[in-house]
Amino acid sequence: MTVFLYIPCWENVRCIPFRYRSSNEADDVKFGKVVEVLMINSTSGPGLLFPKGGWENDETVEEAAVREAIEEAGVRGDLMDFIGFYHFKSKTHQDEFSPEGLCKAAMFALFVKEELNSWPEQSTRTRNWLTIPKALQSCRHEWMKDALENGFCKWLAQNK
């Protein structure tokens with residue numbers, strides 16, 4: 001019997017930037033603050049994404065997550081924790097070794113402390129601060145919804 005191991009064709013790093021804002025809604029009075037996550041537009045179609053990219057040979061995956069948040073979303077902050085690995089398919093990464101374009105992303109939570117007035121990809125990216133329910137509706141891909149709902153939200157509940 002032959003066993004085939006699946007090896008992702010490409011790995012990337014993503015972060016879910018978040019902040020707290022004061023609540024003006026009666027439902028949120030007991031908490032006093034609302035969590036918002038930052039999503040950016042996709043340059044290749046509808047829906048919103050979390051900042052992402054690869055990492056360079058001279059940086060850690062954590063450093064890459066922070067760099068990508070600056071480059072794509074124009075935010076700086078504290079990288080809090082690793083949320084998990086999430087698998088997805090990418091048409092741009094299909095090759096003879098992975099004809100389905102199987103990939104995986106390392107996901108982190110990033111507490112935003114600063115929004116930059118200018119950043120490398122500001123001409124092609126727009127920032128969108130969304131409550132978690134609105135972000136779940138706006139995710140371009142199902143695996144991102146999973147990362148937000150079952151990764152980030154669980155992490156957030158454990159760390160409040």
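**Notebook: strands, salt bridges and a charged patch**

I looked up N128 and found it in strand β7. Helices (H or I, at least four residues) and strands (E, at least two) are DSSP runs, numbered from the N terminus. I am working with a predicted model, where local features need pLDDT of at least 70, side-chain atom pairs count only at pLDDT 80 or more, and totals for chains, interfaces and linings use all residues. Residues are numbered from 1 along each chain as its sequence is written, and side-chain values use heavy atoms, with hydrogens and water left out.

**Entry: strand β7**

Buried means under 20% relative accessible area, exposed means over 50%, and partly exposed is in between (1.4 Å probe, protein chains only). N128 counts as partly exposed because its relative accessibility is 25%. I then took a distance from N128 to L49. The two are 79 residues apart in sequence, and their C-alpha atoms are 9.8 Å apart in space.

W129 also has its place in strand β7. Is W129 buried or exposed? W129 counts as buried, because its relative accessibility is 17%. Along the chain, W129 and F18 are 111 residues apart, yet 8.4 Å separates their C-alpha atoms.

**Entry: the whole chain**

I stepped back to the fold. The protein chain has three helices and seven strands. Along the sequence I read the pattern β-β-β-β-α-β-β-β-α-α. The chain has 160 residues, and 41% of them count as buried.

**Entry: salt bridges**

How many salt bridges does the structure hold? I noted 13. For a salt bridge, a side-chain nitrogen of Lys or Arg lies within 4 Å of a carboxyl oxygen of Asp or Glu.

I began with E36 and R19. They form a salt bridge, and their closest N and O atoms are 2.7 Å apart. This pair links distant parts of the chain: E36 sits in strand β2 (residues 33-41) and R19 in strand β1 (residues 10-22), 17 residues apart. E36 has a relative accessible area of 7%, so it is buried. R19 has 23%, so it is partly exposed.

Next I took E72 and R125. Their side chains meet in a salt bridge at 3.4 Å, N to O. E72 lies in helix α1, while R125 lies in the loop between β6 (102-115) and β7 (127-131), so the pair ties together parts that are 53 residues apart in sequence. I found both E72 and R125 buried.

Then I looked at R76 and E114. Their side chains meet in a salt bridge at 3.6 Å, N to O. R76 is in strand β5 (residues 75-89) and E114 is in strand β6, so this pair ties together parts that are 38 residues apart in sequence. R76 is partly exposed because its relative accessible area is 39%. E114, at 36% relative accessibility, counts as partly exposed.

Which residues are joined into one network? I wrote down R19, R21, E36, E115 and R127, joined by salt bridges that share partners.

**Entry: the negative patch**

I turned to surface charge. E56, D58, E62 and E63 form a negative surface patch. Patches take residues with over 30% relative accessible area and no salt bridge; like charges are joined within 9 Å, and nonpolar side chains (Val, Leu, Ile, Met, Phe, Trp, Tyr) within 5 Å. Asp and Glu count as negative, Lys and Arg as positive, and His and the chain ends are not counted. The place of a charge is taken as NZ of Lys, CZ of Arg, CG of Asp or CD of Glu. Accessible areas come from the Shrake-Rupley method with a 1.4 Å probe, and for residues, only the protein chains shown count as cover.

I located E63 in helix α1 (residues 61-73). E63 counts as partly exposed, at 42% relative accessibility. E62 has its place in helix α1, and counts as partly exposed at 38%. I also took E62 with R14. They are 48 residues apart along the chain, with 9.5 Å between their C-alpha atoms.

**Entry: helix α3**

I found L156 in helix α3 (residues 142-158). L156 is buried because its relative accessible area is 6%. L156 and V35 are 121 residues apart in sequence, and 9.4 Å apart in space, C-alpha to C-alpha.

**Entry: cysteines**

How many disulfides are there? I counted zero, where a disulfide is a pair of cysteine sulfur atoms within 2.5 Å. C15 counts as buried, at 0% relative accessibility. C153, at 24%, counts as partly exposed.
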